[in-house]
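Biologist: Hi! I'm new to this one, could you walk me through it?
Modeller: Happy to. Let's bring it up and go from there.

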Amino acid sequence: MAKLSLKLLVDTKSHKVLFAEAGKEFVDFLFSLLSLPIGSVITILSKQGMVGSLGNLYESVKTLSDTYKQASQVALDALLKPAVVYASAAVPSLLPNLQMTNSTRFYGCGSWNYSCYNHVTNDPNVKCPSYGTQMDRALAYVDTPNKKSCSTEEGYVKGVVTYMIMDDLEVRPMSTISSITMINKFNIKDIGVLEEKVVDVDMDQGVELLKASLHSKAVLTEVFLKKKPCLVAEREDEGLHWENSI
């Protein structure tokens, strides 16, 4: 199981993470969250952990009687247990219950007949429309070569720089100037209130990061400082808003 380290810059006065300093591996993990199908997210967080009603929709598909199913079980499994396509196997695995693949699989007719070459599927259980034979012959998928780079490094971002990750998960390359700019932006008058904190990120934190990213603008603070937002009612026209509480 993968475990990564993350350096946080914490404002101890407001009990808030200003930003984090991270390497390529953690940024690759964050970017990989965008590749997760909804079905995988629900599987990871469980119905109880989901925000909104998608958990109920997932459960409806899962418990639907065979009497009412039109689609094949393979098609339904693609909703309930979809494969996650990553840029490469080098992306850290910080999430459980994932059926991962780093390639797209296609199949042709097993009869090798010339007239069947026009038929392609991503389901090896499908029958060939011309001959009725099972289309389980694996085809080689040729990806578009990256002509702009000769690097053998895998993943989503390059590893030659350190990255700054904001509390709301905005990611940018880090530099001394960018760090000073961020401190000024937060109007920090006394640098004595700032504290560096190194944290380990394992599968538990990976799940918490995914869950918090779906509803919070202060993800790092919520996950690593355990500071939860609370919902408070206002009497103005704005209705409801979020406030921070420890």
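Biologist: How are Phe-26 and Phe-29 separated in helix α1?
Modeller: By about one helical turn, because they sit 3 residues apart in that helix. Keep in mind that this is a predicted model.

Biologist: Are Phe-26 and Phe-29 buried or exposed?
Modeller: Both Phe-26 and Phe-29 are buried.

Biologist: OK, on to the core. Which residues have the most contacts inside the largest nonpolar core?
Modeller: Leu-6, Phe-26, Leu-95, Ile-165, Leu-209 and Phe-224, in a core of 39 residues. Elements that each supply at least two residues of this core include β1 (4-11), β2 (16-22), α1, α6 and α7 (219-224). In soluble globular proteins, nonpolar side chains tend to be buried together.

Biologist: What is Phe-224 in contact with, leaving aside its neighbours within four places in sequence?
Modeller: Phe-224 is in contact with Leu-6, Leu-8, Lys-197, Val-199, Asp-200, Val-201, Gln-205 and Leu-209.

Biologist: New topic: where is Ile-188 found?
Modeller: Ile-188 is in the loop between α5 (176-185) and β9 (194-201).

Biologist: Buried or exposed, that Ile-188?
Modeller: Ile-188 has a relative accessible area of 14%, and the cut-off for buried is under 20%, so Ile-188 is buried.

Biologist: What does Ile-188 touch, apart from neighbours within four places in sequence?
Modeller: Its contacts are Asp-11, Leu-18, Ile-183, Val-193 and Leu-194. Asp-11 is 177 residues from Ile-188 in sequence, yet their C-alpha atoms are 8.5 Å apart in space.

Biologist: Which elements give two or more residues to the lining of the second largest pocket?
Modeller: Those are α1 (24-32), α2 (38-49) and α6 (203-213).

Biologist: And what is that lining of the second largest pocket like, by class?
Modeller: The lining has 14 nonpolar residues, 1 polar residue and no charged ones.

Technical notes. Residues are numbered from 1 along each chain as its sequence is written. This is a predicted model: local features need pLDDT of at least 70, side-chain atom pairs count only at pLDDT 80 or more; totals for chains, interfaces and linings use all residues. Side-chain values use heavy atoms; hydrogens and water are left out. Helices (H or I, at least four residues) and strands (E, at least two) are DSSP runs, numbered from the N terminus. Buried means under 20% relative accessible area, exposed over 50%, partly exposed in between (1.4 Å probe, protein chains only). Contact means heavy atoms within 4.5 Å. Ala, Val, Leu, Ile, Met, Phe, Trp, Tyr, Cys and Pro count as nonpolar, Asp, Glu, Lys and Arg as charged, and the others, Gly among them, as polar. A nonpolar core is a set of buried Ala, Val, Leu, Ile, Met, Phe, Trp, Tyr and Cys residues joined through side-chain atoms within 4.5 Å.
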